[in-house]
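Here is a short report on one protein chain. The sequence and model come first, then the reading.

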Amino acid sequence: RALPVVEATGGQVLPGVGVRAQVEGDQVDITSPRYAEAQEWLSPALSATIAALETEGKTVVVVSRNARVIGVIALRDEPRADAKAALAALTALGIRTLMLTGDNARTAAAIGAALGVEARGDLLPADKLAAIEALRHGGTVAMVGDGINDAPALARADIGIAMGKGTDIALETADAALLHGRIGGLVSMVTLSRATLRIIRQNVIVALGLKAIFLVTTLLGETGLWMAVLADTGGTVLVTLNALRLLRYRG
């Protein structure tokens, strides 16, 4: 539309709420409806419009200038193409999935229903952190996130996993990263990790088993020292070959 873009200065993030900057000497805020409502900026008619948009699964942000609302913007994040299949695969692996989002509860419910996953909305960073803390009492928790608001929860989870195209702070906080940004990569990560642990257990059993057998037979005089050394070397070869089977893994 060839509209002029006015430079904004003094930009700052309002954690879990929105952003603020100075535009032509005025303070412009782009925030969540909850924040705008708490500031008593919304009229009943505008609140009704926002509720209707959120019911459609859209995230609404309120634009205000000098504490006066000048408009709203309705956005909708579409699920990644592989998200539904990946979440179903995780469920098949015995993993419970839960969506934690700062988006409003109505939007979260709409997206969650489409993906077949439990969803909790209207969460600030502290709320996500509290949710992770509560979940950890029931078992090991992995947190997948990509934003600034996810960083505290990523750090507190047993395993933090960042999306490859996420913010720098999320990537630095996480224990691992999905470089291609595909949710399906999470399934591959889980299956590869489980296969690796299975082979480690097999190798430990083989290595300790051989040592135990030849320790007993050597003490009983059934085998000589050179045979025990040869068996130890052979055990190393066996566990190495067993580990090399992971090279055939295709996620």
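Strands β8 and β9 run parallel and are joined by four bridges. Two strands count as paired if DSSP finds at least two bridges between them. Strands are DSSP runs of E, at least two residues; helices are runs of H or I, at least four residues; both are numbered from the N terminus. Across this pair, Ala 142 stands opposite Ile 159 in β9. The chain passes from β8 through helix α6 (residues 151–156) to β9, a right-handed β-α-β crossover. Right-handed means that, with the strands pointing away from the viewer, the path from the first strand over the helix to the second runs clockwise.

This is a predicted model: local features need pLDDT of at least 70, side-chain atom pairs count only at pLDDT 80 or more, and totals for chains, interfaces and linings use all residues. Residues are numbered from 1 along each chain as its sequence is written, and side-chain values use heavy atoms, with hydrogens and water left out.

Strand β9 (residues 159–163) also pairs with β10, again in the parallel sense, over three bridges. Ile 161 stands opposite Ala 176 in β10. Ala 162 has Ala 177 of β10 as its bridge partner.

The two pairings, side by side:

| Strand pair | Sense | Bridges |
|---|---|---|
| β8 and β9 | parallel | four bridges |
| β9 and β10 | parallel | three bridges |

Together the three strands make an open parallel sheet in the order β8-β9-β10. From one strand to the next the twist averages 25 degrees. Helix α8 (residues 184–219) packs on the sheet and touches β8, β9 and β10; its direction makes about 135 degrees with that of β10. Contact means heavy atoms within 4.5 Å. Axes are lines fitted to C-alpha atoms, for helices over the stretch in contact, and angles run from 0 to 180 degrees between N-to-C directions.

Why is β9 largely enclosed by the rest of the structure? Because four of its five residues are buried, that is, under 20% relative accessible area (1.4 Å probe, protein chains only).

UniProt, in an unreviewed entry, places "transmembrane region" at residues 203–220 and 226–247. Such annotations may be inferred rather than shown by experiment. In the model, residues 203–220 are 94% helix and 0% strand, with end C-alpha atoms 26 Å apart.

Technical notes: Buried < 20%, exposed > 50% of the residue type's maximum accessible area, 1.4 Å probe, protein only.
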